[in-house]
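Biologist: I am new to this structure and would like a guided reading. Please take me through it feature by feature.

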Amino acid sequence: MLFRQLEYLVALARERHFARAAQSCSVSQPTLSEAIRKLEEELDVPLVRRGRSYQGLTPEGERIVLWAQRILADRDALRDEVGALRSGLTGRLRIGSVPTASGAAALLTSPFCAAHPLATVELLTDLRSTDVERRLRTFELDAGITYLTDELGDGFQTVPLYQERHVLLTSTVDDLAGRPTATWAEASRLPLCLLAPSMQGRRVIDEVFAEAGLRPEPRVETDSVAALFAQVRTGRWASIVPYAWLHVFGVPRGMRAVPLVEPSRSVPIGLVISDREPTSVMARALARTARQLAIASVLEQLPGTSPE
(Lines give C-alpha, C1' and ligand atoms only; values in the text may rest on other atoms or scores of the structure.)
Protein backbone atom coordinates (compact mmCIF):
# COMPACT_ATOMS: atom_id res chain seq x y z
CA MET A 1 0.00 0.00 0.00
CA LEU A 2 1.35 3.41 -1.02
CA PHE A 3 0.54 6.87 0.29
CA ARG A 4 -0.24 7.80 -3.30
CA GLN A 5 -3.10 5.30 -3.43
CA LEU A 6 -4.60 6.77 -0.28
CA GLU A 7 -4.26 10.29 -1.68
CA TYR A 8 -6.15 9.24 -4.80
CA LEU A 9 -8.94 7.65 -2.77
CA VAL A 10 -9.31 10.76 -0.58
CA ALA A 11 -9.38 12.96 -3.70
CA LEU A 12 -12.10 10.80 -5.26
CA ALA A 13 -14.20 11.00 -2.09
CA ARG A 14 -13.78 14.77 -2.08
CA GLU A 15 -14.40 15.45 -5.78
CA ARG A 16 -16.96 12.66 -6.37
CA HIS A 17 -15.75 12.44 -9.96
CA PHE A 18 -12.85 10.43 -11.40
CA ALA A 19 -11.67 13.08 -13.87
CA ARG A 20 -11.77 15.93 -11.31
CA ALA A 21 -10.04 13.76 -8.71
CA ALA A 22 -7.29 12.90 -11.20
CA GLN A 23 -6.88 16.57 -12.11
CA SER A 24 -6.57 17.58 -8.46
CA CYS A 25 -3.80 14.99 -8.05
CA SER A 26 -2.07 16.01 -11.31
CA VAL A 27 -2.33 12.52 -12.83
CA SER A 28 -4.33 10.97 -15.64
CA GLN A 29 -7.70 9.40 -14.94
CA PRO A 30 -6.49 5.88 -15.91
CA THR A 31 -3.58 6.23 -13.48
CA LEU A 32 -5.88 7.18 -10.62
CA SER A 33 -8.42 4.47 -11.45
CA GLU A 34 -5.76 1.78 -11.65
CA ALA A 35 -4.18 2.82 -8.34
CA ILE A 36 -7.55 2.62 -6.59
CA ARG A 37 -8.26 -0.75 -8.20
CA LYS A 38 -4.93 -2.08 -6.87
CA LEU A 39 -5.78 -0.72 -3.43
CA GLU A 40 -9.05 -2.68 -3.56
CA GLU A 41 -7.07 -5.81 -4.42
CA GLU A 42 -4.65 -5.28 -1.54
CA LEU A 43 -7.43 -4.70 0.97
CA ASP A 44 -9.68 -7.35 -0.61
CA VAL A 45 -12.79 -5.14 -0.39
CA PRO A 46 -14.61 -3.04 -2.99
CA LEU A 47 -14.13 0.67 -2.31
CA VAL A 48 -15.98 2.30 -5.22
CA ARG A 49 -19.42 1.67 -6.69
CA ARG A 50 -18.69 1.48 -10.37
CA GLY A 51 -21.10 2.14 -13.22
CA ARG A 52 -21.10 4.24 -16.34
CA SER A 53 -20.19 7.14 -14.04
CA TYR A 54 -19.04 7.53 -10.44
CA GLN A 55 -21.72 6.10 -8.17
CA GLY A 56 -20.08 6.82 -4.82
CA LEU A 57 -18.08 4.82 -2.34
CA THR A 58 -19.13 1.53 -0.83
CA PRO A 59 -19.67 1.37 2.94
CA GLU A 60 -16.20 -0.19 3.15
CA GLY A 61 -14.84 2.64 1.02
CA GLU A 62 -16.38 5.29 3.29
CA ARG A 63 -14.68 3.67 6.27
CA ILE A 64 -11.32 3.33 4.52
CA VAL A 65 -11.42 7.03 3.52
CA LEU A 66 -11.51 7.98 7.21
CA TRP A 67 -8.42 5.85 7.84
CA ALA A 68 -6.72 7.28 4.74
CA GLN A 69 -7.35 10.86 5.89
CA ARG A 70 -5.91 10.06 9.30
CA ILE A 71 -2.85 8.26 7.89
CA LEU A 72 -2.09 11.10 5.48
CA ALA A 73 -2.53 13.68 8.23
CA ASP A 74 -0.13 11.75 10.46
CA ARG A 75 2.37 11.52 7.61
CA ASP A 76 2.23 15.28 7.07
CA ALA A 77 2.47 15.91 10.82
CA LEU A 78 5.54 13.67 11.00
CA ARG A 79 7.21 15.58 8.19
CA ASP A 80 6.44 18.90 9.88
CA GLU A 81 7.74 17.61 13.21
CA VAL A 82 11.00 16.41 11.70
CA GLY A 83 11.39 19.66 9.77
CA ALA A 84 10.83 21.67 12.94
CA LEU A 85 13.49 19.65 14.77
CA ARG A 86 15.96 20.12 11.95
CA SER A 87 15.54 23.74 10.87
CA GLY A 88 12.59 25.31 12.67
CA LEU A 89 8.92 25.16 11.78
CA THR A 90 8.36 24.81 8.03
CA GLY A 91 5.43 23.82 5.88
CA ARG A 92 1.92 25.18 5.42
CA LEU A 93 -0.51 26.05 8.18
CA ARG A 94 -4.14 25.67 7.04
CA ILE A 95 -6.69 27.76 8.96
CA GLY A 96 -10.42 27.96 8.34
CA SER A 97 -12.53 30.78 9.74
CA VAL A 98 -16.18 31.72 9.88
CA PRO A 99 -16.68 35.03 8.01
CA THR A 100 -17.56 37.03 11.10
CA ALA A 101 -14.20 36.15 12.72
CA SER A 102 -12.00 36.41 9.64
CA GLY A 103 -11.30 40.07 10.30
CA ALA A 104 -9.53 39.13 13.52
CA ALA A 105 -7.54 36.30 11.92
CA ALA A 106 -4.67 38.65 11.03
CA LEU A 107 -4.10 39.21 14.74
CA LEU A 108 -3.10 35.52 14.86
CA THR A 109 -1.39 34.97 11.52
CA SER A 110 0.93 37.98 11.72
CA PRO A 111 2.64 37.01 15.01
CA PHE A 112 2.67 33.35 13.94
CA CYS A 113 4.55 34.19 10.73
CA ALA A 114 6.91 36.49 12.62
CA ALA A 115 7.76 33.67 15.03
CA HIS A 116 8.10 31.07 12.27
CA PRO A 117 9.57 32.77 9.16
CA LEU A 118 9.90 29.50 7.21
CA ALA A 119 6.21 28.61 7.56
CA THR A 120 3.41 29.72 5.24
CA VAL A 121 -0.30 30.17 5.95
CA GLU A 122 -3.40 29.29 3.95
CA LEU A 123 -6.46 31.07 5.34
CA LEU A 124 -10.00 30.18 4.24
CA THR A 125 -12.48 32.78 5.45
CA ASP A 126 -15.85 31.89 3.91
CA LEU A 127 -16.62 28.73 5.88
CA ARG A 128 -19.70 28.00 7.93
CA SER A 129 -19.09 26.78 11.47
CA THR A 130 -20.15 23.28 10.43
CA ASP A 131 -17.62 23.39 7.57
CA VAL A 132 -14.83 24.35 9.97
CA GLU A 133 -15.66 21.42 12.26
CA ARG A 134 -15.99 18.95 9.37
CA ARG A 135 -12.69 19.98 7.77
CA LEU A 136 -10.90 19.69 11.08
CA ARG A 137 -12.25 16.16 11.49
CA THR A 138 -11.18 15.18 7.97
CA PHE A 139 -7.74 16.80 8.43
CA GLU A 140 -8.28 19.34 5.67
CA LEU A 141 -7.52 22.07 8.23
CA ASP A 142 -4.94 22.34 10.98
CA ALA A 143 -6.96 24.89 12.95
CA GLY A 144 -10.24 26.76 12.89
CA ILE A 145 -11.51 30.09 14.18
CA THR A 146 -15.17 29.72 15.04
CA TYR A 147 -17.89 30.04 17.66
CA LEU A 148 -17.26 28.25 20.96
CA THR A 149 -20.82 27.10 21.52
CA ASP A 150 -22.57 23.86 22.36
CA GLU A 151 -22.83 23.17 18.61
CA LEU A 152 -19.10 22.43 18.55
CA GLY A 153 -18.68 18.69 19.00
CA ASP A 154 -16.23 16.71 21.10
CA GLY A 155 -12.65 15.95 20.16
CA PHE A 156 -11.26 19.49 20.08
CA GLN A 157 -8.99 21.72 22.09
CA THR A 158 -10.05 25.36 22.23
CA VAL A 159 -8.32 28.64 22.97
CA PRO A 160 -10.79 31.49 23.66
CA LEU A 161 -9.89 34.62 21.68
CA TYR A 162 -12.58 37.25 22.25
CA GLN A 163 -16.30 37.86 22.73
CA GLU A 164 -18.17 38.71 19.54
CA ARG A 165 -20.60 41.56 20.02
CA HIS A 166 -22.45 43.64 17.47
CA VAL A 167 -22.88 47.22 16.42
CA LEU A 168 -25.47 48.89 14.24
CA LEU A 169 -23.71 50.21 11.15
CA THR A 170 -25.71 52.99 9.58
CA SER A 171 -25.51 56.20 7.60
CA THR A 172 -24.63 59.41 9.41
CA VAL A 173 -27.95 60.90 8.26
CA ASP A 174 -29.92 58.28 10.19
CA ASP A 175 -31.53 59.49 13.41
CA LEU A 176 -29.79 56.75 15.40
CA ALA A 177 -26.33 57.73 14.17
CA GLY A 178 -25.86 60.40 16.83
CA ARG A 179 -26.95 58.18 19.71
CA PRO A 180 -24.45 56.51 22.10
CA THR A 181 -26.41 53.25 21.82
CA ALA A 182 -29.36 51.80 19.93
CA THR A 183 -31.75 49.04 20.88
CA TRP A 184 -32.31 45.93 18.81
CA ALA A 185 -35.95 46.99 18.46
CA GLU A 186 -34.88 50.30 16.91
CA ALA A 187 -32.47 48.49 14.58
CA SER A 188 -35.22 46.11 13.44
CA ARG A 189 -37.23 49.02 12.03
CA LEU A 190 -34.44 50.11 9.67
CA PRO A 191 -33.99 48.86 6.08
CA LEU A 192 -31.49 46.10 6.87
CA CYS A 193 -28.91 44.11 4.99
CA LEU A 194 -27.68 41.08 6.96
CA LEU A 195 -25.65 37.92 6.64
CA ALA A 196 -27.37 35.00 4.92
CA PRO A 197 -29.54 32.69 7.09
CA SER A 198 -27.15 29.77 6.50
CA MET A 199 -24.36 31.58 8.40
CA GLN A 200 -24.04 31.01 12.13
CA GLY A 201 -23.30 34.71 12.53
CA ARG A 202 -26.79 35.40 11.20
CA ARG A 203 -28.32 32.80 13.47
CA VAL A 204 -26.74 34.55 16.46
CA ILE A 205 -28.34 37.83 15.35
CA ASP A 206 -31.72 36.15 14.78
CA GLU A 207 -31.58 34.66 18.29
CA VAL A 208 -31.08 38.10 19.81
CA PHE A 209 -33.97 39.51 17.79
CA ALA A 210 -36.15 36.57 18.84
CA GLU A 211 -35.24 37.16 22.49
CA ALA A 212 -36.58 40.69 22.09
CA GLY A 213 -39.73 39.39 20.38
CA LEU A 214 -38.64 40.75 16.99
CA ARG A 215 -38.44 39.26 13.50
CA PRO A 216 -36.96 41.72 11.01
CA GLU A 217 -37.04 40.98 7.29
CA PRO A 218 -33.81 42.18 5.62
CA ARG A 219 -34.00 43.26 2.00
CA VAL A 220 -30.42 42.19 1.20
CA GLU A 221 -28.56 39.12 2.46
CA THR A 222 -24.96 38.07 1.81
CA ASP A 223 -22.29 35.64 3.03
CA SER A 224 -19.66 38.39 3.31
CA VAL A 225 -19.16 40.90 6.13
CA ALA A 226 -17.20 43.12 3.73
CA ALA A 227 -20.26 43.17 1.46
CA LEU A 228 -22.35 44.47 4.37
CA PHE A 229 -20.03 47.48 4.68
CA ALA A 230 -20.31 48.04 0.92
CA GLN A 231 -24.12 47.98 1.08
CA VAL A 232 -24.27 50.46 3.95
CA ARG A 233 -21.91 52.74 2.07
CA THR A 234 -24.63 53.32 -0.56
CA GLY A 235 -26.63 55.19 2.08
CA ARG A 236 -29.72 53.06 1.53
CA TRP A 237 -29.21 50.32 4.08
CA ALA A 238 -28.21 49.74 7.68
CA SER A 239 -26.59 46.56 8.96
CA ILE A 240 -25.57 44.70 12.09
CA VAL A 241 -21.90 43.72 12.02
CA PRO A 242 -19.41 42.15 14.44
CA TYR A 243 -17.47 44.76 16.39
CA ALA A 244 -14.18 43.02 15.52
CA TRP A 245 -14.57 44.08 11.88
CA LEU A 246 -14.08 47.70 12.88
CA HIS A 247 -10.47 46.64 13.46
CA VAL A 248 -10.24 46.04 9.70
CA PHE A 249 -12.25 48.91 8.22
CA GLY A 250 -12.59 51.35 11.09
CA VAL A 251 -15.84 53.26 10.62
CA PRO A 252 -15.82 54.44 7.00
CA ARG A 253 -16.62 58.04 6.17
CA GLY A 254 -20.35 58.65 6.04
CA MET A 255 -21.16 55.86 8.51
CA ARG A 256 -21.63 55.48 12.24
CA ALA A 257 -21.16 52.38 14.39
CA VAL A 258 -23.62 52.39 17.28
CA PRO A 259 -23.38 49.73 20.03
CA LEU A 260 -26.54 47.63 20.37
CA VAL A 261 -28.28 47.15 23.71
CA GLU A 262 -31.52 45.77 25.12
CA PRO A 263 -30.51 43.03 25.09
CA SER A 264 -26.73 43.08 25.33
CA ARG A 265 -25.33 39.84 23.94
CA SER A 266 -21.91 38.40 23.18
CA VAL A 267 -20.76 35.03 21.84
CA PRO A 268 -17.29 33.53 22.42
CA ILE A 269 -14.98 33.16 19.42
CA GLY A 270 -11.95 30.93 19.71
CA LEU A 271 -9.22 28.89 18.07
CA VAL A 272 -10.08 25.22 17.64
CA ILE A 273 -7.65 22.36 16.99
CA SER A 274 -7.91 18.58 17.19
CA ASP A 275 -7.15 17.00 20.55
CA ARG A 276 -5.61 13.93 18.90
CA GLU A 277 -2.13 13.00 20.03
CA PRO A 278 0.33 13.71 18.68
CA THR A 279 -1.20 17.02 17.64
CA SER A 280 0.01 18.65 14.43
CA VAL A 281 3.14 20.68 15.11
CA MET A 282 1.56 23.51 13.09
CA ALA A 283 -1.58 23.47 15.23
CA ARG A 284 0.43 23.37 18.45
CA ALA A 285 2.50 26.36 17.37
CA LEU A 286 -0.58 28.40 16.44
CA ALA A 287 -2.29 27.54 19.73
CA ARG A 288 0.84 28.61 21.60
CA THR A 289 0.80 31.91 19.71
CA ALA A 290 -2.90 32.42 20.52
CA ARG A 291 -2.35 31.83 24.24
CA GLN A 292 0.38 34.48 24.31
CA LEU A 293 -1.80 37.18 22.73
CA ALA A 294 -4.41 39.48 24.22
CA ILE A 295 -6.67 39.67 21.17
CA ALA A 296 -9.74 40.67 23.16
CA SER A 297 -8.02 43.72 24.62
CA VAL A 298 -6.78 44.76 21.17
CA LEU A 299 -10.28 44.64 19.74
CA GLU A 300 -11.82 46.44 22.69
CA GLN A 301 -9.50 49.40 22.12
CA LEU A 302 -11.17 50.18 18.80
CA PRO A 303 -13.42 53.26 18.79
CA GLY A 304 -17.08 52.77 18.05
CA THR A 305 -17.34 55.96 16.04
CA SER A 306 -15.13 58.11 13.88
CA PRO A 307 -15.31 61.69 12.74
CA GLU A 308 -16.43 62.73 9.29
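This is a predicted model: local features need pLDDT of at least 70, side-chain atom pairs count only at pLDDT 80 or more; totals for chains, interfaces and linings use all residues.

Biologist: Start with the overall make-up. How many helices and strands does the protein have?

Modeller: The protein has 12 helices and 11 strands. Its C-alpha trace spans about 70 × 50 × 30 Å along the principal axes. Of its 308 residues, 47% count as buried.

Biologist: What about β11? Is it enclosed or open to the outside?

Modeller: Count its buried residues. Seven of the eight residues of β11 are buried, so this strand is largely enclosed by the rest of the structure. It also has pairing partners. β4 and β11 pair in the antiparallel sense over eight bridges. One of these contacts involves Glu 164, whose bridge partner in β11 is Val 267. Strand β3 is joined to β11 by four bridges, again antiparallel. There, Ile 145 has Leu 271 as its bridge partner.

Biologist: How do I read a nonpolar core?

Modeller: In soluble globular proteins, nonpolar side chains tend to be buried together. In this model, the largest nonpolar core has 40 residues. The ones with the most contacts inside this core are Leu 108, Phe 112, Ile 145, Leu 161, Tyr 162, Leu 271 and Leu 286.

Biologist: Which elements each supply at least two residues of this core?

Modeller: The strands are β1 (91-97), β3 (143-147), β4 (156-164) and β11 (267-274). The helices are α5 (106-115), α6 (129-137), α11 (281-292) and α12 (295-300). Helix α11 gives the largest share, seven residues.

Biologist: Next, the charged side chains. What should I look for?

Modeller: Side chains of opposite charge can pair when their charged atoms come close. The count for this protein comes to 15 salt bridges.

Biologist: Show me one. Which residue forms a salt bridge with Glu 7?

Modeller: Arg 75 does, and the closest N and O atoms are 2.7 Å apart. Glu 7 lies in helix α1 (residues 3-15) and Arg 75 in helix α4, so the pair ties together parts that are 68 residues apart in sequence. Glu 7 is partly exposed, at 30% relative accessible area. Arg 75 counts as buried, at 13%.

Biologist: And which residue does Asp 142 pair with?

Modeller: Arg 94, with 3.2 Å between the closest N and O atoms. Asp 142 sits in the loop between α6 and β3, and Arg 94 in strand β1, so this pair links parts 48 residues apart in sequence. Asp 142 counts as buried at 11%, while Arg 94 is partly exposed at 24%.

Biologist: Where do Glu 221 and Arg 202 lie?

Modeller: Glu 221 lies in strand β8, and Arg 202 in helix α8 (residues 200-211). Their side chains meet in a salt bridge at 2.8 Å, N to O. Arg 202 is buried, at 6%. Glu 221 is partly exposed, at 42%. Salt bridges can also share partners: Arg 128, Asp 131, Arg 134 and Glu 140 are joined into one network that way.

Biologist: How many disulfides are there?

Modeller: A disulfide is a covalent bond between the sulfur atoms of two cysteines. A search of the whole structure finds zero disulfides. Cys 25 is partly exposed at 22% relative accessible area. Cys 113 is partly exposed too, at 32%.

Biologist: Last, the surface. Which residues form a nonpolar patch there?

Modeller: Phe 3, Trp 67 and Ile 71 do, with about 290 Å² of accessible area together. Trp 67 lies in helix α4 (residues 59-87). Its relative accessibility is 45%, so Trp 67 counts as partly exposed.

How values were computed
Residues are numbered from 1 along each chain as its sequence is written. Side-chain values use heavy atoms; hydrogens and water are left out. Patches are made of residues with over 30% relative accessible area and no salt bridge: like charges are joined within 9 Å, nonpolar side chains (Val, Leu, Ile, Met, Phe, Trp, Tyr) within 5 Å. Accessible areas come from the Shrake-Rupley method with a 1.4 Å probe; for residues, only the protein chains shown count as cover. A salt bridge is a side-chain nitrogen of Lys or Arg within 4 Å of a carboxyl oxygen of Asp or Glu. Buried means under 20% relative accessible area, exposed over 50%, partly exposed in between (1.4 Å probe, protein chains only). A disulfide is a pair of cysteine sulfur atoms within 2.5 Å. A nonpolar core is a set of buried Ala, Val, Leu, Ile, Met, Phe, Trp, Tyr and Cys residues joined through side-chain atoms within 4.5 Å. Two strands pair if DSSP finds at least two bridges between them.
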